[in-house]
2 protein chains.
Amino acid sequence: MVDIIRPTLVVNKEICLRNIERMALKAKENNLRFRPHFKTHQSAKIGEWFRLFGVDAITVSSVRMAEYFAANGWKDITLAFPLNILEIENINRLAAEIKLNVLVENNEGAKVLAEKTTHPLGVYLKIDTGYHRTGILSSKTNTINSLVKSISRNNKITFKGFLTHTGHTYETKSTDEIIKRHFDASLKLKSLKQQFKRKFSQVEISIGDTPSCSICTDFKGVDEIRPGNFVFYDLMQQNLGVCTFDDIAVSLVCPVVSKHLSRNEIVFYGGAVHLSKDSIIDQNGKRIFGRIEIKKNGENILLDPFNYVSKVSQEHGTLKVTHDQFKNFQVGDLIKIIPVHSCLTANLMGHFQTTKGELIEMMPKY
Amino acid sequence: MVDIIRPTLVVNKEICLRNIERMALKAKENNLRFRPHFKTHQSAKIGEWFRLFGVDAITVSSVRMAEYFAANGWKDITLAFPLNILEIENINRLAAEIKLNVLVENNEGAKVLAEKTTHPLGVYLKIDTGYHRTGILSSKTNTINSLVKSISRNNKITFKGFLTHTGHTYETKSTDEIIKRHFDASLKLKSLKQQFKRKFSQVEISIGDTPSCSICTDFKGVDEIRPGNFVFYDLMQQNLGVCTFDDIAVSLVCPVVSKHLSRNEIVFYGGAVHLSKDSIIDQNGKRIFGRIEIKKNGENILLDPFNYVSKVSQEHGTLKVTHDQFKNFQVGDLIKIIPVHSCLTANLMGHFQTTKGELIEMMPKY
């Protein structure tokens, strides 16, 4: 951290490699295609780290991100976002070059795909397994049948199967609940697979969230996993019980600029434009925007939860600290903030620095 | 909006010019130096719009932003962030080229400035007038005296006066409260000015927030205003009673991708990486991430507060709408989201498009 003078997102490559390897092994042991979501890092260079573990298929969240990774040598990409029909021409252009899969969940999308797809395209139906953000409820077999029929009118399209994001695992209070929600989602998808595999023998199930993929062990009937966040993990995952602090690969290194003894607060340079405004409620009911690691006598020390990022504004962050810890912060010190949500922090920062000082670029903003 | 196919931040130049003109006139009528904060737009081109109204002094929130605007012809810049002593060399380099002011609020900062400043530099003391984020309480005259003494040891430094950000105007429930907080902050600063002007005849008062600068009328004794957000305004300011919807100059144009009748929800392409996760609690106690404007029969219609952005995740936004409005949304429609906090939305998007389709670039991310 010698040369750091302003908020800097530091990534520990060794931890990333360990996280990738663990997930790749789990996929292999369970006969799952490992199609990691690259929206977390948005970086061609970090993408290369996945190739070391045999990854050749990826997930992205936008057409632009698909274009960026296609330009960086990825030839098998699932765009895991409800079809944006306004981008059909870009999708066609991309499908001409690589193996591309998209999601559909409504008649409007299916109609545009059926009428306008010009190159081989895989299509998954997005299923809502309880998160209730997007997707078709698995019980709506009439809708599902009608969408499958609709896209099948275009012979460039292959109906790939059923895809879900069990995002409601993020709303749990225990790892048991995560396992239950994963089990329930798998059941729903397996029932659909059962119904459709007579007609579509290749029909697949694809599931996605980092909490399930990290801690669950039963993936029978599932064909593919698409976790993304696990490459970095973060405070949100740690708070859910999904990872330990040792698994978290990114931290925002920030200079201390001010101390306020009367309220046990430390102000650092690092705010909503660096960390994002994402927060968690910790076990003690406090809203937290990050945890703190300090260096003392050459050692990195993770402070307990009574010391935390209590507020962020545009460029400022505020730490609430205990009276005992207050003296351990000096103006000009560099502290490490463990971000609540590493995807949003990486997206805001736009680049990384490795622990060895190497610059890692990300996808340009536009 | 013909060519828009993905989330796009549209800025209305006419509204910006009107907002700038109104504030410039107010400053002129009250004999105030108008030193707008450029962290809101972070754009050299939008900066030029301010020159039309005689602006030649600006405020920024980081050394990098100061460097960017200095490179774009701005020669008088206040860096309104607590001194980051790790950046002293960059500050010296910049001070060699332009008129630069910085803030100090503690001994550590004053010491570094006194010992290391190599070029003419203006220094303000940051005063805490009740927001309690940073700054010295105005009652702490011993600390203030000691800091002034400390920086005065270096003859390159000019002690400029007292600067505050009355950020607690954002926590108010009525415009009367904003006026009271502004009045109270002004009183505190004027008392300091009174005490110091015998020794420092040029001592100044600089105040900053958009709510006070927009609605207050009494600026007696104040020398300078530094509002930033007013160039765009946003839902937060409208909700505070500081501006009307007609004053809001930016909107995020987003494609509708999905509809869910059973829960009266519309999903659009546009999430935390576009809007930010900033939210407000509206008059009905609901947490809101944006308001909605739709086009119907060629007319732009702002929907009532029962239709609003209720959730954002990384790339998805969810609208909660009334049953009556549900039918007015179609997959593939472009809707306008009025952002809660235009500064954070602009920072995330990294560029603008004018209503006439012109691209407006911002400061690069690194």
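This is a predicted model: local features need pLDDT of at least 70, side-chain atom pairs count only at pLDDT 80 or more; totals for chains, interfaces and linings use all residues.
Start with the pair as a whole. The same surface serves both copies, with 100% of the contact residues of chain A recurring in chain B.

Now for the place where the chains touch. Here 46 residues of chain A are in contact with 46 residues of chain B. Several elements of chain A each put at least two residues into this side: the strands are strand 4 (76-82), strand 11 (250-260), strand 12 (265-269) and strand 18 (316-320), and the helices are helix 5 (107-116), helix 10 (272-275) and helix 12 (342-349). Sorted by class, the side of chain A that touches chain B has 17 nonpolar, 17 polar and 12 charged residues.

Within chain A, the next level down is the domain. Chain A splits into domain 1, covering 13-232, and domain 2, covering 245-361. Their C-alpha centres lie 33 Å apart. The contact between the domains draws 14 residues from domain 1 of chain A and 11 residues from domain 2 of chain A. On the domain 1 side, the elements giving two or more residues are helix 1 (13-29) and helix 2 (44-51) of chain A. Helix 1 of chain A gives the largest share of that side, four residues. The classes on the domain 1 side come out as five nonpolar, six polar and three charged residues.

The axes of helix 5 and helix 6 (residues 141-152) of chain A come within 8 Å and cross at roughly 15 degrees. Angles under 35 degrees count as roughly parallel, and the two helices of chain A are therefore roughly parallel to each other. Helix 5 of chain A passes helix 6 of chain A in a right-handed crossing. From helix 5 of chain A, the contact uses Asn107(A), Ala110(A), Lys111(A), Leu113(A) and Ala114(A), while helix 6 of chain A brings Leu147(A), Ser150(A) and Ile151(A). That makes a contact of five nonpolar, two polar and one charged residues.

What about chain B? Helix 5 (residues 107-116) and helix 6 (residues 141-152) of chain B pack at an angle of about 15 degrees, with their axes 8 Å apart. This makes helix 5 of chain B roughly parallel to helix 6 of chain B, and the crossing is right-handed.

Helix 3 (residues 63-71) and helix 4 (residues 88-95) of chain B pack at about 20 degrees, with their axes 10 Å apart. That angle makes helix 3 of chain B roughly parallel to helix 4 of chain B, and helix 3 passes helix 4 in a left-handed crossing. Val63(B), Ala66(B), Glu67(B) and Ala70(B) of helix 3 meet Asn90(B), Ile91(B) and Leu94(B) of helix 4. By class, these residues are five nonpolar, one polar and one charged.

How values were computed: Residues are numbered from 1 along each chain as its sequence is written. Chains are lettered from A and ligands numbered from 1 in the order in which they are written. Axes are lines fitted to C-alpha atoms, for helices over the stretch in contact, and angles run from 0 to 180 degrees between N-to-C directions. Angles under 35 degrees count as roughly parallel, over 145 as roughly antiparallel, 65 to 115 as roughly perpendicular and the rest as oblique. A crossing is left-handed if the near helix is turned anticlockwise from the far one by less than a right angle, and right-handed if clockwise. Two residues are in contact if their C-beta atoms, placed from the backbone, lie within 7 Å. Ala, Val, Leu, Ile, Met, Phe, Trp, Tyr, Cys and Pro count as nonpolar, Asp, Glu, Lys and Arg as charged, and the others, Gly among them, as polar. Domain bounds come from an automatic or database domain assignment.
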